[in-house]
Amino acid sequence: MAQEIFDKVEALIQEIQAANPTGKEEIEAFRIQYLGSKNVIKPIFGEIRNIPNERKKEFGQKVNEAKQAAEAKFEALQTSLEQAHAEDLMKGIDLSAPGEPMPVGSHHPVSITMNRIIDIFERIGFTVEEEREIEDDWHNFTAMNTPEDHPARDMQDTYYLKDSTVNLLRTHTSSVQARCMTRQEPPIRIIAPGRVYRNETISARSHCQFHQVEGLYIGEGVSFADMKQTLLYFAQEMYGPDTRIRLRPSYFPFTEPSAEMDVYWGLKDEIDYRITKGTGWLEILGCGMVDPQVLENCGIDSTKYSGFAFGMGIERQAMLKYRISDIRLLFENDVRFLKQFKSAF
Ligand code: DAH
């Protein structure tokens, strides 16, 4: 009697191992038959009461063997089903075919120009300082020699933060000068690129946000001649080795004396006449010797140290370089416009 039951289990194991269901439905039927909640192995466990005690353990192991055989078989069947499905998907796909080319993006003309300017100054030992765009009144104006009632504040229409008379969007990168001078001992030799904001009507020539690069050099015995030489070097690296510059006297609250620098652009065609107003000269930056009062405002001894500073708008230079006639194009991010600019930077 006992042997009969053993034979039955053995036959079941054989049956499981020999089974060869194909396709999703047959495999599911196999699962239900041998592993489902009403599977055929379960009732065999009940037969244990007809097995003599000394063979009960052996019987349990045998039935388990059947169960494991069913599980192993089902797993193998499923794997082969998945493989077949994957192969199906790959049918007709040529794996040796070359890939689709990925379109290569391009840098924004403002980034290209900014990176060029940074690169030129880094070569002569300036380091980059990046600072906050939300500034306070003191760093943006007061420290830079522009107290509250100073008319020069009207030169730059300011966006103040809601409910604040102190916090504002910086109107120029000159605020970074104050940040650096208050935290660092001279010598200081930095450039500060970044975004600035002014409450201006948007037109082809001006925008309410744009980019500037500020420069600051403070040390012992720094002179106007040092400034001129540095800026000449910059202009020639930026616009070509034959570029000529001129400095015109100007006014900024934070520099004394102050100047504006022009580069000689030429008068080759109609557009040159228009952008240089017929003079051939083009203004590209403001500069000057840092006013001793600014040094003192920021805790630097003006009897020991002197320095120069300069600031330039980046959009303006990008527009000149690429002959872009409308500043708004630089902020619209139309890919048809942007994809025209390819550069290593
Ligand atoms: N901050 C000035 C502006 O936004 C530009 C400028 C002029 C910066 C002279 C300077 C400077 O550092 O020395 O118009």
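By class, the shell around the ligand is made up of 5 nonpolar, 9 polar and 2 charged residues. Keep in mind that what you're looking at is a predicted model.

**Around the ligand**

Let's stay with that shell for a moment. Of its 16 residues, the ones that come nearest to the ligand are His172, Ser174, Arg198, Gln212 and Glu214.

Now for a few contacts with oxygen atoms of the ligand. The table gives the residue, the part of it that takes part, and the distance.

| Residue | Atom in the protein | Distance to a ligand oxygen atom |
|---|---|---|
| Glutamine 177 | side-chain N or O | 3.1 Å |
| Glutamate 214 | side-chain N or O | 2.6 Å |
| Alanine 309 | backbone N or O | 3.1 Å |

How much of the ligand does the protein cover? On its own, the ligand has 360 Å² of accessible area, and the protein covers 91% of that.

**The sheet**

Strand β1 (residues 127-128) pairs with β4 in the parallel sense, over 2 bridges. Valine 128 has isoleucine 191 of β4 as its bridge partner.

Next comes the β4 strand itself, residues 188-197. Is it mostly buried or exposed? Of its 10 residues, 8 are buried, so β4 is largely enclosed by the rest of the structure. On to its link with strand β5 (residues 209-219): 10 bridges join the two, and they run antiparallel. Here, isoleucine 190 stands opposite leucine 216 in β5.

Further along, strand β7 (residues 255-264) and β8 are joined by 8 bridges and also run antiparallel. Glutamate 260 has glycine 286 of β8 standing opposite.

**The whole protein**

Finally, step back. The protein is divided into domain 1 (2-91) and domain 2 (109-341). Taken over C-alpha atoms, the centres of domain 1 and domain 2 are separated by 81 Å.

Conventions. Residues numbered from 1 in each chain as written. Predicted model: local features only at pLDDT ≥ 70, side-chain atom pairs only at ≥ 80, totals over all residues. Heavy atoms only, no water. Domains from an automatic or database assignment. Buried < 20%, exposed > 50% of the residue type's maximum accessible area, 1.4 Å probe, protein only. Helix = DSSP H or I, 4+ residues; strand = E, 2+ residues; numbered from the N terminus. Pairing = 2+ DSSP bridges. Near = heavy atom within 4 Å. Polar contact = N/O pair within 3.5 Å; in protein donor to acceptor, adjacent residues only side chain to side chain. Areas by Shrake-Rupley, 256 points an atom, 1.4 Å probe, with all protein chains shown as cover. Nonpolar A, V, L, I, M, F, W, Y, C, P; charged D, E, K, R; others polar.
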